[in-house]
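Have the sequence to hand.

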Amino acid sequence: MTSTPVIAALLTLDTVAAGVSTAGWEEAVETVGKLLEQAGFTTDNYIPAMKRTIKELGPYAVIAPGIAMPHARPEDGVLLTGFALITLDPAVDFGSQVNDPVDIVLAFGATDKQTHIKALQEIAAIFGNQEKISAIRAAQTSQELLVALHGLNQ
Amino acid sequence: MKIATLCGMGFGTSMMLKLTIDDLLKAEGIEAETIPWDLGSFKGQLVDIVVAPLDMKSHLKDATAKVVLINNLVDKAEIKTKILAAIKAIK
């Protein structure tokens, strides 16, 4: 992995899951956080830190209609800059004024304030593309999710 | 002109906003410095415009800068319309 990893290298079969059923936003954050943890990006301290951040700072982690981007600080247990993405079925409320309910959850951990910028820029472009968002929502399996995210040439 | 983008930690949501705003200002040929801040360190900073997610509205009651609230942080059209209107308003 390079020092500025790209999203195609970060979102892989190990770090995505499609159509996850959860009881609510906390379980959704736990599920996507577990993927970060199992991939070796974060310690077990990171999931509680992401949940605490949402409780303390509010639901602005819901960045767009149906899309949440929970994260915490580098010092909250980030080992390597990493991303994980799950889709939810059913969608759950995070408490956002305008963007609930959420069915796409992207979690990330950053080792500093720079290393994740390239990947973040790519994610913004994917989330800003309605066709890609529709394909992400339609994906039934991790494999389909990767095709929706990265295209067919993976 | 100084534009602050805000979020809770200063490198996630605010960084994404900064990248989008930098692109659109460049395309419009507008000179401005865009700086991502976390809410805690931002207090007391002097900027012309502060951009934040709508869900952060309650934290910005005392802001002295022109406040721009964004509903959809990946919607370039919404961000462009609101930023250009704010720049026009402070000129």
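Which residue in β4(A) is the bridge partner of A:Val16? That partner is A:Leu85. A quick note first: this is a predicted model, where local features need pLDDT of at least 70, side-chain atom pairs count only at pLDDT 80 or more, and totals for chains, interfaces and linings use all residues. Residues are numbered from 1 along each chain as written, chains are lettered from A and ligands numbered from 1 in the order written, and side-chain values use heavy atoms, with hydrogens and water left out.

Back to the sheet. Strands here are DSSP E runs of at least two residues, helices H or I runs of at least four, numbered from the N terminus. β1(A) and β4 (residues 82-92) run parallel, joined by three bridges; strands pair if DSSP finds at least two bridges between them. Zoom out and you get an open, mixed sheet of five strands in chain A, ordered β1-β4-β5-β3-β2. Its edges are β1 (16-20) and β2 (62-64), each pairing on one side only.

Now look at α6 (residues 142-150) of chain A, which packs on the sheet and touches β1 and β4 (contact means heavy atoms within 4.5 Å). Its buried residues are A:Leu145, A:Leu146, A:Ala148, A:Leu149 and A:His150, buried being under 20% relative accessible area with a 1.4 Å probe, protein chains only. They pack against β1, β4, α1 (7-10), α4 (117-127) and α5 (130-138) of chain A.

And A:Leu85? Leaving aside neighbours within four places in sequence, its contacts include A:Leu145 and A:Leu149.

How values were computed
Axes are lines fitted to C-alpha atoms, for helices over the stretch in contact, and angles run from 0 to 180 degrees between N-to-C directions. Buried means under 20% relative accessible area, exposed over 50%, partly exposed in between (1.4 Å probe, protein chains only).
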